[in-house]
Amino acid sequence: MDNPSPSKDASVPEISKKRNAFSALMAPKPKQLKPSSGDDPNHSQHSSKSHPNDIRSGLLAYILQPTTFSSGQVITHNDHIVLIRDAFPKATVHLLLLPRDPDKRDLHPHEAFEDLDFLMMIRTQVSDAVKLAASELSRLIGSFSIANQARIEAMESEEPPDVLPAGRDYLKDIRVGVHAHPSMHHLHIHIISRDMHSDRLKHRKHYNSFNTEFFIPLDDYPLSPDDRKRDVRFQNNNLKEDFKCWRCGKTFGNKFQKLKEHLDEEFDAWKRE
C-alpha cells in the first residue's frame, strides 16, 4: 500500500477543495475485511490480549494486518507503526498511531515510554502523522479561516506569486498524547484536533479524558517516578471534574448538554480564526 507523503511546506498545509490522499479519512467507513490470524505465523505469540470477542483488543487486527483494511481506515503503515482514523472520533480530526513492536504494544504507555530509543522512534513517527493531520484539518476547515484569506486569494489569482502568504498554522491545532488509563488493550497514541466537535462526543469521560491531565502529552514522557500523572486516584478524579471549555475556560458544572451547545458555538468561532 502506498503511503501518503506530507506536503513540502508542512507548517502551512495547502488549502484545496480537491480530493487529496486524505479525503478518504473522513469518509464513511467501508465494510471491514475480516483478518485471518493464519496470515501471521507468530500470531499466538504476539499478545495475551488478543481474544477476538474482547472489544478492548479491537486495535490488534490493524497492528497485525493493516493491508486487510481500506485506505479509509488505515491511512499509512510501515514496519514500526500503523496510523488509523479513530472509529469513534472525538474531534474533527482524530487519528491513532499504533506501535507494532510486539515487545511494546501490550504495555501501558508509562512503561513502554521508559525505553528512550522506543520513545524517540515514536516521536519521529508522530511528527509525520501530525503533519498529515494538520493538512487534513486545513482541507476541512481552512476555507473558513480569516488567517487564510490572503493565501486563498493568492492561490486563486490569475498570476499566483512565487511565495504564497503563510496562512494559518494548523500544526498548532493538533494535540498528541495518551490516556492515563487507556480504554483499549494495545498501546496507541491519540493525534487529535483541539475542537472536540463531534457527534461521537457523548458523555463526561469522552470530554474530560481529553481536557484534563488524564490526557498526557507525549512530550511529557518519560514520566518521573513521583509524577502525579501516575497516580490512579488523581487520574480518576480528573474524569469527575466539572466541565471546562477548552477554548474560553468557561465552566459548566456537570451539565453536559450545555457544554455541547457551547462547543458548537466555539467551533464556529475557532474555525474562523
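1. Cys245 is buried, at a relative accessible area of 3%. Buried means under 20% relative accessible area, exposed over 50%, and partly exposed in between (1.4 Å probe, protein chains only). Cys248 is partly exposed, at 43%.

2. This is a predicted model: local features need pLDDT of at least 70, side-chain atom pairs count only at pLDDT 80 or more, and totals for chains, interfaces and linings use all residues. Residues are numbered from 1 along each chain as its sequence is written, and side-chain values use heavy atoms, leaving out hydrogens and water.

3. An open sheet is built from 6 strands, ordered E1-E2-E3-E5-E4-E6, with antiparallel pairing. Strands (E, at least two residues) and helices (H or I, at least four) are DSSP runs, numbered from the N terminus. Two strands pair if DSSP finds at least two bridges between them. Strands E1 (74–77) and E6 (215–217) are the edges, each pairing on one side only.

4. E1 and strand E2 (residues 81–85) run antiparallel, joined by 3 bridges. His77 stands opposite Val82 in E2.

5. Helix H4 (residues 116–141) lies across E2, E3 (94–99), E4 (174–179) and E5 (189–193), at about 155° to E3. Helix H6 (residues 204–211) packs on the sheet and touches E3, E4, E5 and E6 (contact: heavy atoms within 4.5 Å). The direction of H6 makes about 110° with that of E4. Axes are lines fitted to C-alpha atoms, for helices over the stretch in contact; angles run from 0 to 180 degrees between N-to-C directions.
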